Amino acid sequence: MTTSISPTKAGLPPAPPVKAARRGFTEILAPYAYITPFFVLFAVFGLIPLLFTFYVALFDWNPIGEHVFIGLDNFGRLLGDVRFWNAARNTVSIWLLSTVPQLLIALVLAHMLNHVRLRLAVFFRMTMLVPYITSVAATAIVFAQMFDRDYGLLNWLLSLVGIEHIDFVQSVTGSHVLIAVMVTWRWFGYTTLLYLASLQAVPRAIYEAAAVDGAGGVRQFLHISLPALRPVIVFTIVTSTIGGLQIFTEPLLINRGAANTCGPIRQCQTLTLFLFEQGFTQFKFGYAAAIGVALFVMVVALAGLNYFLSTRIRPVKG
């Protein structure tokens, strides 16, 4: 008769159960399964269209006709096109005029709301989201009326102090200021709430200890609030750069008589408007794709530069 000896009695470790091995394998795969939908959607709606844009930029692409390979000719034409450089200058100008004031206003408001005790504080904080949820078309109509040359509220106020009416829509600087004010008004509340949420995570005892040591509001802001906000500031700078360089709706709506060019002298035509004009008005899809590639490179470069600079800013000492 043969006697079977168990692994435990023989001094060998017991074999791992099959269920435990399967559970361990499932736990390894589970995180990848959770993030897979994002990467699938990103590939379908982000990566593949981006790569296809690079591909189309190499052709003289007729949407209903032939596709003639021309290599880098579209990019060479782009570099010599004064309309492209005008659109690039307009884009950078509007981005700077809208992003810098927006972030500064949000910083100051968040610091004030974090310290000032208000009745119905939650109500006042939530009202800051009203511009964000307001239709862009409605915003454009209201601000176009406010900045109107003949009947606008702003020009009426300027006339009270002896300043002649300014045609904001038809001038380069005026149209940039108008669009920048619209963008700032729409986004400053959202940015303020981001900063405020980060500030409220800072223990109140730190501010009280700083006040006992004689630190005023400015020093508390520089040495406590700013270091606490640093990661969120970096995030908002990068996202504001990406959104500001891709601005499209506001300049499209303020000059309805020449929407694609934003005026007779292209005074506020951005790169996205120029792309739209070439692709969907002139049907030069290859050239429009080259503009899209140039815009992509610009956004990545400026966003990366902003991230590099903002992550190396240290809190003020003293």
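Biologist: How many helices and strands are there in the protein chain?

Modeller: The model is a predicted one, and the secondary structure is counted over the protein chain. The count comes to two strands and 13 helices.

Biologist: What share of the 318 residues is buried, and what share of the accessible surface belongs to carbon and sulfur atoms?

Modeller: Of the 318 residues in the protein chain, buried ones make up 35%. The accessible surface comes to about 19300 Å², and the share of that area belonging to carbon and sulfur atoms is 71%.

Biologist: Which residues does the UniProt annotation "transmembrane region" cover, and how much helix does the chain have over residues 122-147 and over residues 228-248?

Modeller: According to the unreviewed UniProt entry, the annotation covers residues 32-58, 92-110, 122-147, 177-197, 228-248 and 285-309. Over residues 122-147 the end C-alpha atoms are 32 Å apart, with 0% strand and 81% helix. Over residues 228-248 the end C-alpha atoms are 33 Å apart, with 0% strand, and the helix content is 86%.

Biologist: Is Phe42 buried, partly exposed or exposed, and why?

Modeller: Phe42 lies in helix 1, which spans residues 18-56, and it is one of the residues making a nonpolar surface patch of about 1100 Å², together with others including Ile28, Tyr34, Phe38 and Leu51. Buried means under 20% relative accessible area and exposed means over 50%. Because its relative accessibility is 42%, Phe42 counts as partly exposed.

Biologist: Among contacts between residues at least 6 apart in sequence, what percentage join residues at least 24 apart?

Modeller: The contacts considered are those in the protein chain between residues at least 6 apart in sequence.

Note on methods
Residues numbered from 1 in each chain as written. Predicted model: local features only at pLDDT ≥ 70, side-chain atom pairs only at ≥ 80, totals over all residues. Heavy atoms only, no water. Helix = DSSP H or I, 4+ residues; strand = E, 2+ residues; numbered from the N terminus. Buried < 20%, exposed > 50% of the residue type's maximum accessible area, 1.4 Å probe, protein only. Contact = heavy atoms within 4.5 Å. Areas by Shrake-Rupley, 256 points an atom, 1.4 Å probe, with all protein chains shown as cover. UniProt positions renumbered as here; feature names shortened; annotations may be inferred. Patch = residues over 30% accessible without salt bridge, like charges linked within 9 Å, V, L, I, M, F, W, Y side chains within 5 Å. Salt bridge = Lys/Arg side-chain N within 4 Å of Asp/Glu carboxyl O.
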